[in-house]
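Dear colleague,

Please find below the structure that I am handing over to you. My findings follow directly after it.

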Amino acid sequence: MIEGRRSEIVALVRQHGELSVTELSGLLGVSEVTVRSDLSALAQAGHVRRTRGRVSLPLDLRREAPLETSMREFAAAKRRIGQAAAALVRSGDTVFLDVGSTTSEVARALSPSLQDVTVVTNGLNIALLLERLPGVRVIVTGGTLRPLQHSLVSPYALDVLRHIHADRLFLGCNGVHAASGVTNANHEEAEVKRLMAEQAREVVVVADHRKLGVVSRAFITPLDRVTTLITDRAATSPPPDVLAGVKDVRVV
């Protein structure tokens, strides 16, 4: 339990960049005394850096985490979210499948019985995951490779998307907030996500509980544009305003 909480602290600090003890206490649902104890242990081990009541990553760890690292964080929750999202895909659908650790679980969970489905993705790992499905046609956007995320961004990534209208988008993100909408940490990826949202009839956000109430750097889409939000059981009591405007919220 303690190790799991400390791993979550590191993940939250990586996601937000910097947090206070009070903010961590609220996000984790534990006392500030407990948070301070965890931070002391994490700082001693070199996993975080404490300055003036706030915590951040050590300078040499502030680089973007590889996709493979993100996929190991809250893996069970992401797997459940992916399975619930994949169940929304029907034969004959055209789908945008965004890059990310949770959207990768959507790809992994798609049924082999699907027929005449077209998946458009900017994730190279997602395209490879879909090779096993005979009834799924895969279109890769093209563009410039971001190696750590195996994602394709501009230039050129947007050119393909402008010519396609999808039944739904499965959208990964770094933040879901009532006022600030759905946001992402990387501006280049956010640009692709934003156009996908514009070109899709439905927007399905797949986000574990850490993303709720968070505002990240780059805007993707307003919350009232989200058709469905699928999150995990740790989000059973999110702040009410986080979910304002979402038509359908599913907790798995």
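**Packing of the helices**

In this predicted model, helix 1 and helix 2 meet through Arg5, Glu8, Ile9, Leu12 and His16 on the helix 1 side and Leu24, Leu27 and Leu28 on the helix 2 side. Two packed helices are described by the angle between their axes and the distance between the axes. For this pair, the angle is about 120 degrees and the axes lie 11 Å apart. Angles of 65 to 115 degrees count as roughly perpendicular, and those over 145 as roughly antiparallel; helix 1 and helix 2 are therefore oblique to each other. The crossing in which helix 1 passes helix 2 is right-handed.

**Helix 3**

Helix 3 spans residues 32-44, that is, 13 residues. From its first C-alpha to its last it reaches 18 Å, close to the 18 Å expected at 1.5 Å a residue.

Four residues of helix 3 are buried, namely Val35, Asp38, Leu39 and Leu42. These residues lie on the same side of helix 3 because they cover an arc of only 100 degrees around the axis. In general, an α-helix has 3.6 residues a turn, so residues three or four places apart point the same way. On the other side of helix 3, Val33 and Gln44 are exposed.

The partners of the buried residues of helix 3 are helix 1 (2-16), helix 2 (21-28), strand 2 (49-51) and strand 3 (54-56), against which they pack. After helix 3 comes Gly46, with a positive phi near 85 degrees.

Yours sincerely

Terms used. Residues are numbered from 1 along each chain as its sequence is written. This is a predicted model: local features need pLDDT of at least 70, side-chain atom pairs count only at pLDDT 80 or more; totals for chains, interfaces and linings use all residues. Side-chain values use heavy atoms; hydrogens and water are left out. Helices (H or I, at least four residues) and strands (E, at least two) are DSSP runs, numbered from the N terminus. The expected span of a helix is 1.5 Å times one less than its number of residues. Buried means under 20% relative accessible area, exposed over 50%, partly exposed in between (1.4 Å probe, protein chains only). The arc is that of the directions from the helix axis to the C-beta atoms. Contact means heavy atoms within 4.5 Å. Axes are lines fitted to C-alpha atoms, for helices over the stretch in contact, and angles run from 0 to 180 degrees between N-to-C directions. Angles under 35 degrees count as roughly parallel, over 145 as roughly antiparallel, 65 to 115 as roughly perpendicular and the rest as oblique. A crossing is left-handed if the near helix is turned anticlockwise from the far one by less than a right angle, and right-handed if clockwise.
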